[in-house]
Amino acid sequence: MNFMDYKVADLSLAEFGRKELSLAEHEMPGLMEMRRRYAADQPLKGARIAGSLHMTIQTGVLIETLVALGADVRWATCNIFSTQDHAAAAVVVGPNGTVDDPQGTPVFAWKGETLAEYWDEAEKVFDFTDEAGNKIGPNMLLDDGGDITLLVHKGVEFEKAGAVPGQDSTDNEEFKEVLRVLARSLENDPQRWTNIANGIKGVTEETTTGVLRLYDRYKEGSLLFPAINVNDSVTKSKFDNKYGCRHSLIDGINRGTDVMIAGKTAVVCGYGDVGKGSAESLRGQGAKVIITEIDPICALQAAMDGYEVKRLETVVDYADIFITTTGNFDIIRVEHFERMKNQAIVGNIGHFDNEIDMAGLAKIPGIVKDEIKPQVHQWIFPDGKKVIVLSEGRLLNLGNATGHPSFVMSNSFTNQVLAQIELFTKLEEYPIGVYVLPKHLDEEVARLHLDALGVELTELNQAQADYLGVPVEGPYKSDHYRY
Ligand code: NAI
């Protein structure tokens, strides 16, 4: 392998990264069990996995698990602020390499990429080399938020049309970069993305927002390969999205601002899985938490969990902290910023930065953006009022802190590994479509994490199992059970 073929901030951070990787391995029993169970069989031998997911310590353990199962892997991050540079360095160096002789996995990620760098690096995960040294595409994608899936689909679309629209065809600064990267590749190789797409068996998608994009593509008939929706494994969304955010939301606010949360009024926009964890996180610190929702079921849940449920417009003048968790866009807009009180804190924990209208904020006449430290800015209005925005509106738990802890990510990533094995080894069972993992695998992921917490699971006897109409060994619930 060509070991100039990586781009990280500082390889000398690898030793620190390796120490944290070993700590994380202890907290990731599901992933370590995948290694024990499958290392001999090498079910991912021959898999060339292009990955795009926050390049954190936990992701390092995932990458090294995929490699232990036989895969060849290339990795980029899925967010410009979420990379942990020591994790990226350690993965490049690998468990057996040194800084002078890296032997790990090519990673293209560092904290604080520009949007242009982000999309340039995202494209590099597609450049595998075969044993003869020829360029070859990936045969599997592992995505978080759908950005590399988008590159392939848009690439194919523009190759079919024979042209990429000019960058002035969009106002979206990020999409301009997508168009730039695709225009360049079309110029170099008019069949690049078509060839890549033809070689891809499937994609496993990590998050709610990416999954939404996949179902949209499937419905409109444009999905090019099968997908496994990892997010909707119960052991992913009901754990990572909820308990993960319960841990990492206040971690981000604390590291970003050190402001006392107790006694403050915090608004959480959205009461889905992420919203539930976020609201509990703030309430645990003693904040008065107010929820906004559009869905009557989630609004009722919030009310019965003891939160006030209001419209943003009702509370925007007096709340201290505003957190968006909706996966929707345009939630906090200029008219809200204008009414906020001095030193209000605004942040987002949903996947994309469009939940907060950052472009609109920057266009307010006379407004000044002042950096307190990286990923923490105060926006000073012409009348002197300041609003603090975390991670420039990108997910603050990864931008201002280190994201979810290892144990919960072990659940998510064990689903990822199982999903990769499913699609790679049983492709014939997955015609183009979007699938969730079978329930017995979901239960297995949970089972792998019980011992570490000292859980004694009660066993059904045969008569009880017959009474419930379920096998003694599970699965125990119907597919429509909601947990
Ligand atoms: P979800 O669909 O369970 O929850 C979103 C909620 O927002 C829904 O209940 C919906 O009704 C509500 N909502 C939509 N539009 C709204 C509006 N205009 N005002 C108020 N509420 C509104 O989705 P989930 O799983 O909670 O994910 C939310 C976002 O967080 C997604 O973008 C997902 O990809 C991302 N995510 C981020 C993580 C992180 O570590 N930062 C971890 C997991 C997911």
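Where does Pro475 lie? Pro475 lies in the segment after α19 (462–468).

## Basis of the model

This is a predicted model, in which local features need pLDDT of at least 70, side-chain atom pairs count only at pLDDT 80 or more, and totals for chains, interfaces and linings use all residues. Residues are numbered from 1 along each chain as its sequence is written, and side-chain values use heavy atoms, leaving out hydrogens and water.

## Backbone features

The peptide bond from Gly474 to Pro475 is cis, with omega near 0°. Helices (H or I, at least four residues) and strands (E, at least two) are DSSP runs, numbered from the N terminus.

Asp258 sits in the loop between α10 (234–257) and β9 (265–269). Its phi is near 55°, a positive value in a residue other than glycine.

## Ligand surroundings

There are 27 residues around the ligand (a heavy atom within 4 Å). Thr207, Thr208, Thr209, Glu293 and Ile349 come nearest.

Polar contacts are pairs of N or O atoms within 3.5 Å; within protein, one must be able to donate a hydrogen and the other to accept it, and residues adjacent in sequence count only if both atoms are side-chain atoms. A ligand oxygen atom is 2.8 Å from a polar backbone atom of Val274. For the side chain of Asn241, an N or O atom is 2.9 Å from an oxygen atom of the ligand. For the side chain of His404, that distance is 3.4 Å, again to a ligand oxygen atom.

## Helices α5 and α7

Helix α5 (residues 115–124) packs on helix α7 (residues 173–188) at about 40°, with axes 9 Å apart. Axes are lines fitted to C-alpha atoms, for helices over the stretch in contact, and angles run from 0 to 180 degrees between N-to-C directions. The angle makes α5 oblique to α7 (under 35 degrees is roughly parallel, over 145 roughly antiparallel, 65 to 115 roughly perpendicular, the rest oblique).

The contact (heavy atoms within 4.5 Å) includes Tyr118 and Trp119 of α5 and Val178 and Arg180 of α7. By class, it has 6 nonpolar, 1 polar and 7 charged residues. Ala, Val, Leu, Ile, Met, Phe, Trp, Tyr, Cys and Pro count as nonpolar, Asp, Glu, Lys and Arg as charged, and the others, Gly among them, as polar.

## Helices α17 and α18

Helix α17 (residues 406–425) and helix α18 (residues 439–447) pack at about 140°, with axes 10 Å apart. That makes α17 oblique to α18. Asn411, Thr414, Asn415, Leu418 and Glu422 of α17 meet Leu441, Asp442 and Val445 of α18. This contact has 3 nonpolar, 3 polar and 2 charged residues.
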